[in-house]
Amino acid sequence: MTTDLASTPTDSADFRLPLDVKPTHYDVTIKTDLENSIFEGVVKIDLDVKNETSTIVFNSADLKLNDAALYSDQLKIKQVDPSPSFDDKAERCILSFSTPVPAGSKATLSIGFSGELTGAMMGYYKSSFEQDGTKKYYTLTQFEPTAARRAFPCWDEPLLKATFAVTMISHPDTVNLSNMPITSEEIYQPQTTKVEDPSLEALFSALTTQDSPEAQWKISKFQTTPPMSTYLVAYANGRFAHLESSYKTTPDVIHQAQYALDIKAKVLPVYEEIFDIEYPLPKLDTLVAHDFDAGAMENWGLITGRTSAFLLDPKKADMAAKKRVTAFQSHEVAHMWFGDITTMEWWDYLYLNEGHVYPEWKVDSSFISEFLNDALDLDAKLSSHPIEVHCPDANQINQIFDSLSYAKAGSVLRMLSNFVGEERFLKGVSIYLKKHLYGNTVTKDLWQGISESTGVDVPRIMDNWISKASMTIGFPVITVTEGENGIHVRQDRFLESGPAEEKDNETIWNVPLALLTVTNDKVNIDKSVVLDTREKTLAIDTSKPFKLNAGTYGVYRVLYSDERFAAIAKEAAKGDTVFSLNDRIGVVHDIMTLSKAGFCKVSSALTIVDILHDEKEFLVWDSIARNITTLVSTWWEHEVIVNDLNVFRRELFAPIVKRLGYEYSPSESVDISQLRTRAIGQAAAAGDPAVVEELRTRFAEYMRTQDDSAIPGDLFGTTIFTAVKYGGREEYEFAKALYENPTTPPSRSTSAIVAMCASQDKACVENTYTYIMSKARTQDIIYFINGFQRNFRTRRSCAQFFQDNYVELAKRFEGNFSFKYIVSATFENLTKEEDYQRTVDFFKDKDISRYNLALSQTLESLRASRAWIERSTTDIAEWLGKWKGDR
């Protein structure tokens, strides 16, 4: 079931709107009726007529349309189509008129519309919160990629930019928000409120005007936006509270928004300085929602996102939560330039952001594990896709919002920045932005800007890494062979399943090798060396330490001999003298990934980890922890190997716990805090008796007294997970109550979900499955699925739960981004042949168009994991046996 979106292009005429007319301006008026869960309105669209036409085609979905009329400036006539035709599959409406409008003229299209406010988390939808025991509702929009058409009729394609003037009608006790500031606001009075547009008369005349606030209506008019795409339009209505007029959310959680507001205030001037362009809008609000499909959304002037992306309690939050909120807020602010000022959608993970605000977080080094490694894992599949992809419809667009589109794009840019130099790179970015303000761009526009600032032929270097035209998928593994006079390097496409066949190994990448050598005890890094052929010989002294991909900026893996890997590790164990923090992180990830693909043995990777057992840096330990966890998770049905791996894990991490203890100090470094958190988490996961007992004792005290002061914020997730895993019904119910409490901060709420799924009690597990379908918020289901996958006892029952409830789950996530993650997470650990076949059989008769890419990637990963298990089980067992004997 390998599916490559790029290999099955569809004629653009099948999915792109005809361009006989182009919109230039929208007047959108929306009335929101929260009590009856409906909205209605009128949109007036100014059109430039490019070709003579008597039909107007635009996007509309799940809306009732009425009073569609077209006025031609040149003909001075108004035409009405009383019975529009609809193409539900293409989500289009076609209007037909008797008299064609002439080319080169202007026209105005007016349409009334109405729709239901549902919890769909797309289009214009409703969300809820609980205050004083009462459920209350509010509304907001989520239009990316193609859901503006569900809120008002429009030309819903990102390249068809226009200006937007929004008017909102709502009850007076609610707050209206949109991309721009409010220019006027008044209570509707028939005698005094002027309704100059005839197309709005019916909408306004139906408004009630009694004295009671419940029956009155408020009219909020907003400034006109700059030219922008429909997916960036945003508006919301509800009883919101705010901080400094900038952070909006419901009153129950507004106190948790201060941290994100502070981050926004810090990063905004940083971007203005980096890009040498002031933020162009009069305001930048953030609206935090309880129900949100994606993590966050960069609507121009009105960022939106889920509570876990933007809210935290600074007194109780762990470092991971702070990093997450910082990253979300920084990335969405970056989008105010990339994606909003200029439309180039894949820029999201520009790594520059929070590193300028929190240098102690070592953001560039963190990037390797958090983004680069994830991107390489996904790109190491035959079912991968280029960063730029031909997207014929909304189903495929939703699938392209994955780690590859974001993390690999950011990784390639990071590689380019390192190759040409960050200062010159940023100068080129600024040139690009200034040339294309409010315009649409393609990748070559950015390359030209950077070429101008650097004098480097950037398109030649980067085309194979990005371009949909070249159809390049994947990345190379650079094999290093040592000889008497130096090293021979060769590039081949890397696949997690093993060496690529000739038909899949045709690309020659331009690979910046970043060659590190040592001469007279001095480290030299030559960034000018590029491998632009299949293979090449480099003259270096191999008796001294050397390494390719210095700093781990390259988007590729490097394969050395076992002896060279060990030599690099032994030198790396000495600290930063030769090999940097980034180098050590990269070596750990490289050798473990190469062992999965069969290029080397897992025993070689475990040897590297053992050599680094005295490492001091958190981020190296983090890379070790991630990879040991992967081994345990892959061999989860091999009890002896899991037990021995956990012994090895305890030997690595328990001494760190003993050295650092359980208490955090404000004066200690971020590195120490994170290392403590990671070490305790790994020791607990490995079943270390002392650590498990300590965490259970602290949680028992919390349950007894309702005082959580004995549980540091950074340890809360591990503590509640461990308590429920080793506890019973009482601990489980405590975690569930914590999730249900509306005042629980988002990070703790998520921890409670995962803890519920850690229960070893069958009745509690069944209770959770029922709970998911009856009470859990739709946006939280992915956390439950991930939680069940952490519990080895529930991996198969989780898959059965998905299959039993597939119809309802598919309906709840219809049109949303996140269903593909549900599919992947549910099946990605079932590595037996019979599990694989059952999964394939289950999806045979399903409409997989919304997640076919994710399913293909999952099935490919299962095949690779099964091959890894067959190839490496004996190797791991023998290494662990010898290691235990040598202790």
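## Close-up views of a predicted model

**View 1. Four strands, β9-β10-β15-β12 in order, form an open sheet with antiparallel pairing.** Helices (H or I, at least four residues) and strands (E, at least two) are DSSP runs numbered from the N terminus, and two strands pair if DSSP finds at least two bridges between them. At the edges of this sheet stand β9 (123-131) and β12 (175-178), each of which pairs on one side only. On average, neighbouring strands here are turned by 15° against each other, direction ignored. β12 runs antiparallel to strand β15 (residues 235-238), and four bridges join the two. Look for N176, which stands opposite N237 in β15.

A word on the model itself: this is a predicted model, with residues numbered from 1 along each chain as its sequence is written. Local features need pLDDT of at least 70 and side-chain atom pairs count only at pLDDT 80 or more, while totals for chains, interfaces and linings use all residues; side-chain values use heavy atoms, with hydrogens and water left out.

**View 2. A mixed open sheet has its four strands in the order β27-β22-β21-β29.** Its edges are β27 (535-538) and β29 (557-559); each has a single partner strand, so one side of each is left without a neighbour in the sheet. From one strand to the next, the twist averages 25°. Strand β21 (residues 476-483) and β29 run parallel and are joined by three bridges. I478 has V558 in β29 as its bridge partner. Helix α12 packs on this sheet and touches β21 and β29, and its direction makes about 75° with that of β29. Axes are lines fitted to C-alpha atoms, for helices over the stretch in contact, and angles run from 0 to 180 degrees between N-to-C directions.

**View 3. D583 sits in helix α12 (residues 581-596).** With 2% relative accessibility, D583 counts as buried (under 20% relative accessible area; exposed is over 50% and partly exposed in between, with a 1.4 Å probe and protein chains only). The D583 side chain reaches the backbone nitrogen of G551 at 2.7 Å. Contact means heavy atoms within 4.5 Å; leaving aside neighbours within four places in sequence, D583 is in contact with L516, K547, N549, A550, G551 and T552.

**View 4. Helices α26 (residues 833-843) and α27 (residues 852-886) have axes that come within 10 Å and cross at roughly 165°.** The two helices are therefore roughly antiparallel to each other (angles over 145 degrees count as such). Which residues of α26 meet α27? They are E833, Y836, T839, V840 and F843, and on the α27 side they meet L855, L859, L862, R863 and R866.

**View 5. T831 lies in the loop between α25 (819-827) and α26.** Its 8% relative accessibility makes T831 count as buried. Not counting residues up to four places away in sequence, T831 touches T634, W636, L862, S865, R866 and I869.

**View 6. L660 belongs to helix α15 (residues 639-660).** Is L660 buried or exposed? At 16% relative accessibility, L660 counts as buried. Apart from neighbours within four places in sequence, L660 is in contact with I672, L675 and R676. L660 and M319 are 341 residues apart in sequence and, C-alpha to C-alpha, 17 Å apart in space.

Notes: A polar contact is a pair of N or O atoms within 3.5 Å; within protein, one must be able to donate a hydrogen and the other to accept it, and residues adjacent in sequence count only if both atoms are side-chain atoms. Angles under 35 degrees count as roughly parallel, over 145 as roughly antiparallel, 65 to 115 as roughly perpendicular and the rest as oblique.
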